[in-house]
Amino acid sequence: MDASIFIALALASMGNQIWDSCTNDTRCFEKEMEPARLSLSVGRVRFRESFSESEIYLRYEFGRNYGGFQPMAGISYASGDNSWAGVGVAWSVFENNGFYGDLSAMAGLYDLGGSIDLGASVEFRSGLEIGYEWDSGRRLALSIDHRSNANLDPVNPGAETIQIRFSQPF
């Protein structure tokens, strides 16, 4: 997927979420309780047109949201000995009969380790997750995310990860 299209969709959705929160509700960005979740993902990293590494990704979504934005923190490790850790927000784009779609945006630090050179130590991670949530709050999803340094460095090849994610509420 072209990174600019992915980023444009995320920004448009985020703008819509802000608009809905602040025009349809007098409590713009008021804190609301939301289930906290711990998620574990496993997937493959796509870099320069090939799937070169496997990745494990652990993410925690805090038990609150602000205008529909749920704070979260995550850390990942890939088989090429690189790692990423960051913080950001997730927001829902649809919910229907147990099915859901979420978008996320995070900023973090990247350690090259010994493999994929993304160009900078600061890397942004934007993602799309589509899945199913059971009545228990457990979720199973397919997700794709894009990592890039947003041209903080002249070297900015980006990487995508396709993952299966399991989430457990607290």
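Residues are numbered from 1 along each chain as its sequence is written. Because the model is predicted, local features need pLDDT of at least 70, side-chain atom pairs count only at pLDDT 80 or more, totals for chains, interfaces and linings use all residues, and side-chain values use heavy atoms, leaving out hydrogens and water.

Let's start in the loop between β9 (139–148) and β10 (159–169), where N149 lies; strands here are DSSP runs of E, at least two residues, numbered from the N terminus. N149 is buried, with a relative accessible area of 0%, where buried means under 20% (1.4 Å probe, protein chains only). A polar atom of the N149 side chain lies 2.9 Å from the backbone nitrogen of N151. Leaving aside residues up to four places away in sequence, N149 also touches L118, G119, A120, V122, E123, F124, V155 and N156, a contact being heavy atoms within 4.5 Å.

**The largest cavity**

A cavity is a set of points, on a 1 Å grid over the protein atoms alone, where a 1.4 Å probe fits but cannot get out, and lining residues have an atom within 4 Å of a point. There are three cavities of 30 Å³ or more, and the largest holds about 90 Å³. Among its 16 lining residues, R59, S104, G127, L128 and R165 lie nearest the centre. β8 gives the largest share of this lining, five residues.

| Lining of the largest cavity | Count |
|---|---|
| Nonpolar | five residues |
| Polar | five residues |

Notes
Helix = DSSP H or I, 4+ residues; strand = E, 2+ residues; numbered from the N terminus. Buried < 20%, exposed > 50% of the residue type's maximum accessible area, 1.4 Å probe, protein only. Polar contact = N/O pair within 3.5 Å; in protein donor to acceptor, adjacent residues only side chain to side chain. 1 Å grid on protein atoms, 1.4 Å probe; cavity = no way out; pocket = protein on both sides within 12 Å on 5 of 7 lines; lining within 4 Å. Points joined across faces, edges and corners; volume = space filled by probe spheres on them. Nonpolar A, V, L, I, M, F, W, Y, C, P; charged D, E, K, R; others polar.
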